There are 4 protein chains.
Amino acid sequence: MTDIQAQEAGIAAKRQEFYDRIGGQNLTPLWLSLAELVTPEPRSNCRPASWRFADIRAAMMEAGGLITAKEAERRVLVLENPGLRGQSKITTDLYAGVQLVLPGEVAPAHRHTQTALRFVLEGKGAYTAVDGERTLMNEGDFIITPPMTWHDHGNESDAPIFWLDGLDIPLVQFLDASFAEHLGQDEQPVTRPLGDSDARFGANLLPVDHRPRGGTSPVFNYPYERTREALERMRQAAEWDPCHGLKMRYSNPVTGGHAMNTIGTFVQLLPKGFSTAAYRATDATVFAPIEGRGRSIIGDDFVVEWGKRDIFVVPSWKSVRHEAAEDSVLFSFSDRPVQEALHLWREDRGNA
Amino acid sequence: MTDIQAQEAGIAAKRQEFYDRIGGQNLTPLWLSLAELVTPEPRSNCRPASWRFADIRAAMMEAGGLITAKEAERRVLVLENPGLRGQSKITTDLYAGVQLVLPGEVAPAHRHTQTALRFVLEGKGAYTAVDGERTLMNEGDFIITPPMTWHDHGNESDAPIFWLDGLDIPLVQFLDASFAEHLGQDEQPVTRPLGDSDARFGANLLPVDHRPRGGTSPVFNYPYERTREALERMRQAAEWDPCHGLKMRYSNPVTGGHAMNTIGTFVQLLPKGFSTAAYRATDATVFAPIEGRGRSIIGDDFVVEWGKRDIFVVPSWKSVRHEAAEDSVLFSFSDRPVQEALHLWREDRGNA
Amino acid sequence: MTDIQAQEAGIAAKRQEFYDRIGGQNLTPLWLSLAELVTPEPRSNCRPASWRFADIRAAMMEAGGLITAKEAERRVLVLENPGLRGQSKITTDLYAGVQLVLPGEVAPAHRHTQTALRFVLEGKGAYTAVDGERTLMNEGDFIITPPMTWHDHGNESDAPIFWLDGLDIPLVQFLDASFAEHLGQDEQPVTRPLGDSDARFGANLLPVDHRPRGGTSPVFNYPYERTREALERMRQAAEWDPCHGLKMRYSNPVTGGHAMNTIGTFVQLLPKGFSTAAYRATDATVFAPIEGRGRSIIGDDFVVEWGKRDIFVVPSWKSVRHEAAEDSVLFSFSDRPVQEALHLWREDRGNA
Amino acid sequence: MTDIQAQEAGIAAKRQEFYDRIGGQNLTPLWLSLAELVTPEPRSNCRPASWRFADIRAAMMEAGGLITAKEAERRVLVLENPGLRGQSKITTDLYAGVQLVLPGEVAPAHRHTQTALRFVLEGKGAYTAVDGERTLMNEGDFIITPPMTWHDHGNESDAPIFWLDGLDIPLVQFLDASFAEHLGQDEQPVTRPLGDSDARFGANLLPVDHRPRGGTSPVFNYPYERTREALERMRQAAEWDPCHGLKMRYSNPVTGGHAMNTIGTFVQLLPKGFSTAAYRATDATVFAPIEGRGRSIIGDDFVVEWGKRDIFVVPSWKSVRHEAAEDSVLFSFSDRPVQEALHLWREDRGNA
């Protein structure tokens, strides 16, 4: 050991003794951790991942034989990000799962501060009820459960229904702001006719004295039929974004903002043969194709071959490119509204 | 003349001499006019008034023989408020007229800062074009021409088309903010497919990177078919407002605000036999029933018996009561967005 | 008369007969007035004008001998635009006057929907009271009376006080939205300490649970001392706008918007020798220099030589250039917030 | 084992086998974790905690001998919540530390997406520079470093300076949105005079054409002298909130919102002898008294005896009561703006 080495070792030892000592006072030196706390670019444990619907469906049907919707409260298989196992997260701040309700079953009424989206993957004619109003759930529909609204789901059709749940569970947990209650009965009373919210808020009209409340869209079902038809009409203009094809966000007609406060929801049309330019943004995004077939390349080398109802996730600041083998429609969701509200959202369109 | 009278006369004379003298300096005493400038309640020259569509139609058809749409630029008969004759106003700050385009005619392209609404009274299949996109005009449709957008109207159908024009002409004139241009050709080039704006903005979806601009709704046709169907669906909930029946405002889906910056537009359903409670507000309002039959009592004693396509006006702060003899739908417009933006709007719902 | 002339005369006669006939139905042809209703550029009756404070002061002092503040309710001489005589307007939609309160006088408490600004021209130590709180009025202070707040003015100093009043009287009249009341006693009770609003809202702090209401700034006195010091500090950065020198708008700290809903207020520093580039905007503006000396050229040839406390007005869309013979500070006000709220405001910075 | 027990064991075993199997597909049953993910009330690992300034100061001075500001980049001791050790967090989503800059030292220029607040605990005359403008740091001043602005700190005084740092490091990390850069030189060039931002934005005036950007207040120093004087003036009105005494939030004068996007900052005056009623809210809050002496009871039984410069933390939804033994001023910060923006914030004022 040279003198210099000895000196350095002495300093290191003194510092370590200091760190140990102040640790007891709940103090710790920033300079040891600064570089990993404030990183030059996002450095996430979230990893690219994908799930085949066929696999999920098989597992769900098996789960259907192992537990009832009522016993489970919600019969859901959580899609856990492989980089975040054990945390019930698909990205760092969002949760995703696939829910199954069998014919004749009810998922009992409860409410919570967490916002939920439902994107129907398979089935039709089941219902979800929100604050006294039922809406029918059909394939491709995007349905909202606003914070602290009573909600229950039921299936009066004769086939199972499967949907993708997206919730801000990790975010609300992180902010220590969770409140929840059970109603104490399976189904809440129905007090409004079917389609009432859509008529009242979804037709580019608003009740004359309506005042916005809570930020979440009062339109709680965005039926796929209407969305798909709008995409088809827009297609005529042939205005394609190199990164997105034709991409729309679901909006709250009362404010023009995102349909939900904490989760952004999107739908995009990629015509057959379209390849998007590389794109990245800080909002990790969950994709669920509902029509078509294609593949996506995430980061340098993670390739997802996807078809209808499959699910995949693109982490923050990882580039993604999509290639559509057929006319394809992709639903997606992310925390973009949160990042926009906090002025943190950033995108990189490459040279597009 | 007593001494006191003499003294008073002396004071009055001195004051008058003073007033006359300072008048030359563009000075004038407030105390002589204060009471009429700042009134305890609105004291308007605007008067209740009504027009029968049959009369307007006859006059318009006669006008159709006296001048072409092209020569007139816009073949319109202005509905002048009887209390505001010679000013081209239906209320103190709004203009209304009825426009006729005969089969094969074109009203040539121009643009201006004034915002225009079109409410189609009779006819179908004519078009209006706004910034390169045409929309078809059918009875009951509410159509917007946003400020400074090129617009022309044409009638390729085989019947005359009549619509109600509402503009903020007096307001823009009052604010000294009028700009206008002629395109120099009858029809602007069509650059977007029919229905493009509606698909892009009217289906509770928005282009993912859209930023609101200018405040006016990018949805420029609110088709009556959709509006009427929404009213019918809402009707099931049987929630009737005592003053309004079932009243909606047309909204800008990009902001949730009024569809236009300066003119509020409304549609209300009054079921057969419904009588509204007395209501007054500071926004003088132009009504145009598009379905049904009934009567309205304005102030104490001005009674309008109205049917489909008739037009009547309720001045600021005059109470109005409606009685529907049949299921009726009333379109209406006023300056409510202006008054709301300036925090001046006030309503009085009586004991309702 | 040729055949053609005869034909034309026939058409003209027919048309005139038609116009006369439909006039009885409150109908009038648009095509005769369209060109003057919708003009290519603002075409206002408002004219450039100026008043010397010395003249106003002399007239006011004379008025002081002819009528008491109490008898007059407000002893004000209205500054009438020479193009709008008899209408109590300084621009098409704004009112201006100069008010005098003599030592010991009180202008009794009333309230109205009209918003008022006071810009103190001469004097110190008088007060204005707004909703239970008094504020002292000193030369150069900009003071607000929000809509429908009780207010009275008093002068407990030993010298007369003169201030410039700016109100939205013509605008509120035009919108038929005037409401007003007398309190029935000269002075309202004082319920809050001097300076309370300023402490509560004016120090870049807000009460933790404050919700904005009504749009008008709760800071109702912007003392000149503070404004002047801020201008002097900013001057160090030597960032001069070619059209404005150093121009600030008074702001509502609760919203960041204009201090008042209907009247924009501004203050600008023009250093000695500074000449501004030609500038025009659609908001006709009233200027009141409070320091310095200079001249302004309005339009092509209207020249105002101004000094401290003089007043002049620049109509909509007329260009103005200022030349400062000394370090000068100009207070100004206009309807810019109205035009901005309605998306009508437009400026032209020439080549600046 | 009874038959029923045997059956149950069989079911349990089957389920477990299922869970194990689907685990390999990154699927996991929600029903096992639902109750801990969506809790009836916030259930946080964050714990009440406190630090004495005397202890922190002693440790900081020792650190001053062990590492230079330059070597450390920032010589800061992190205040780690005892329930969140090893995570550099004082609450679940916020970071706090105490920074020391010795006379003659410089903390070199860098920038990052994380927002920082500085609350000066001891010292005067050091500076922080933000985007070319320096501001002096004096005891009690609240200073902002907006996201992605270059900043460096220096101490040209002859005494050490200590301040409390509050940053949204855990939040930005959680959202995977961290970007950071080093300038490559210790001090950025100074391009604006001292006090320029304060003059431009902090005097209830705004540059006439200013457009808000990024949400963070452009006033980046809120000097204690001004804040303290405002509190003292407000005190005259004697309006005490039972839960807060007299509590203000620092505001962004350009928007009226919080001074920063992600961290709310507050200052409150508790007069001698004042005891607050129990209060709880979902925003865990860090308190730093800067005047006075007293104690606070957090939850049922955690008691903090605090004096000037001490620091303590109240977790989400834990009640707090303060008792002031002397006139006391408490600075505090929390994530309230985040929770408000996401419509998650909730408070409970008990019976106050």
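Which elements do the buried residues of helix 1 of chain C pack against?

1. Basis. This is a predicted model: local features need pLDDT of at least 70, side-chain atom pairs count only at pLDDT 80 or more, and totals for chains, interfaces and linings use all residues. Residues are numbered from 1 along each chain as its sequence is written, chains are lettered from A in the order in which they are written, and side-chain values use heavy atoms, with hydrogens and water left out.

2. Helix 1 of chain C. The buried residues pack against helix 3 (53-66), helix 4 (69-72) and strand 3 (76-79) of chain B, together with strand 1 (27-29) of chain C. Helices (H or I, at least four residues) and strands (E, at least two) are DSSP runs, numbered from the N terminus.

3. Its two sides. Arg15(C), Phe18(C), Tyr19(C), Ile22(C) and Gly23(C) are buried (under 20% relative accessible area; exposed is over 50%, partly exposed in between; 1.4 Å probe, protein chains only). They cover an arc of only 135° around the axis, which puts them on the same side of helix 1 of chain C. The arc is that of the directions from the helix axis to the C-beta atoms. On the other side, Asp3(C), Lys14(C) and Asp20(C) are exposed.

4. Chains A and D. A rotation of 180° with 0.0 Å of shift along its axis superposes chain D on chain A, RMSD 0.0 Å (least squares on the C-alpha atoms of residues with pLDDT of at least 70 in both). That is the relation of a two-fold axis. The same surface serves both copies: 100% of the contact residues of chain D recur in chain A (contact means heavy atoms within 4.5 Å).
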